[in-house]
Amino acid sequence: MSQLRFHWGSALDDGQKKSTQQYASDVLDLDGAIEFTREADELGVDSLLMAQSFDLPDPLPIIGVFMRETRRLKFILAYRPGLLSPTLFTQVVNTFSWMSEGRISLNVIAGISPAEQAYYGDFLAHDARYERANEFLEILHAFWRGETPLTYEGSHYRLKDAQLGLGYHGGGRPEILISGASGVAQRTAVRHGDVWFRYADTPEEIAKSAAPVLAQGGRVGLRMQVLTRDTREEALAELAEVMSGATEERKKWVADFVATADSQAVHNSFRLADEAGHGWMSQVLYSGAVAYRGGPALCLVGSHAEVAAYLMEYKAAGISEFIFSGWPARDEMRNFFTRVLPLVRELEEKEAASSPTAGASVPTG
């Protein structure tokens, strides 16, 4: 059985203690972000998610800096079709692959807010954005299969004899993660991606939504928060601290944003939080921060051992990997990879040892 993979949120999001506050994004602390990234490399983080949003520094130039500062860590570039031409985007990704010996993955997102998309001059509706994303991915895959010169005629993109001198490092292509909760997002993930990523729910509900993707050979991952301490009591005390200072003003700002969003993932997370009374969805899964930080703020809270055991329930439901964040990000990243991850690996070893195939002899002759 394969081990669970654990990624982490962007180094650019570090610095806030309160879950109810918005990250400061009007400055770029590049030196601090480099230190964060170096530590992620040392801790054994699989990949750092490099988000793309109007209120964050753009990830493209920053990933290049991070790649020069690390040796093992991979980077998940989140980007939206429509901002760059597919030819130019492939060229950028191929360049990153050579700068890092292939330590680049893609998180293709179609956008969650028509208002934000309009900032960039994009006025397509939800399903039309996914139509464009499918064309975008078709072109990227064609380039990585070596189909050049490439001519393409679609509803959103047209190329004539497109060529790129620099291919992907070592051949092949990057790993592709597709985010979203809608049916069209799931179909796009199965058709063009390796992993379907979504916001969290209980393991029981996740198993239902993951089943169609798993049946077609895809993988499923979750984006969420995590907060653990030595004991459950300590974790709950820390949760109370990070939730302190919650204001109706902040809650209204988030609610207004959600009202303008057309993302099923966003609306589904808020529906789950409402149904749970903005409290506990299970003994370990807490929804109270969603009203202040959005869908990714569904949070695993408990002792290190409780959260490790709950992660194994997600694994049993078909989840193969997680993108976590914390408050503040760097402290919780260090906590998770030094205290929780070893417990997960112990549980996985026990799982493997108890597997019906464990210790089975290999036929010879």
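Modeller: Two residues are in contact when heavy atoms of theirs lie within 4.5 Å. With neighbours within four places in sequence left aside, Y314 is in contact with A200, D201, T202, P203, I206, L222, M224, L285, L300, I319 and F322. The model is a predicted one, in which local features need pLDDT of at least 70 and side-chain atom pairs count only at pLDDT 80 or more, whereas totals for chains, interfaces and linings use all residues. Residues are numbered from 1 along each chain as its sequence is written, and side-chain values rest on heavy atoms, with hydrogens and water left out.

Y314 also belongs to the largest nonpolar core, which has 96 residues; W8, L300, L311 and Y314 are the members with the most contacts inside it. Such a core is a set of buried Ala, Val, Leu, Ile, Met, Phe, Trp, Tyr and Cys residues joined through side-chain atoms within 4.5 Å; buried means under 20% relative accessible area, exposed over 50% and partly exposed in between, with a 1.4 Å probe and protein chains only. Another core lies apart from the largest one and has 7 residues, among them L49, I76, V195 and F197.

The aromatic side of the picture comes next. The structure holds 19 aromatic pairs; rings of Phe, Tyr and Trp (its six-membered ring) pair if their centres lie within 6.5 Å, and planes under 30 degrees apart count as stacked, over 60 as edge-to-face and the rest as tilted. In one of these pairs, the ring centres of F89 and F136 are 5.4 Å apart and the planes stand at 50°, so this pair is tilted. F89 lies in helix α3 (residues 86-100) and F136 in helix α5 (residues 126-144), so the pair ties together parts 47 residues apart in sequence. Helices (H or I, at least four residues) and strands (E, at least two) are DSSP runs, numbered from the N terminus. F89 counts as buried at 3% relative accessibility, and F136 counts as buried at 3% as well.

Y314 itself pairs with Y310: the ring centres are 5.3 Å apart and the planes are at 85°, so the pair is edge-to-face. Y310 and Y314 are 4 residues apart in helix α12 (residues 304-316), a separation of about one helical turn. Both tyrosines, Y310 and Y314, are buried.

Not counting residues up to four places away in sequence, G9 touches F36, L48, L49, I323, F324 and S325. The C-alpha atoms of G9 and P203 are separated by 22 Å, the two residues being 194 apart along the chain.

The axes of α1 and helix α13 (residues 329-353) come within 10 Å and cross at roughly 5°; axes are lines fitted to C-alpha atoms, for helices over the stretch in contact, and angles run from 0 to 180 degrees between N-to-C directions. That crossing makes α1 roughly parallel to α13, where angles under 35 degrees count as roughly parallel, over 145 as roughly antiparallel, 65 to 115 as roughly perpendicular and the rest as oblique. E35, F36, E39, A40 and L43 in α1 meet A329, R330, M333, R334, F337 and T338 in α13.
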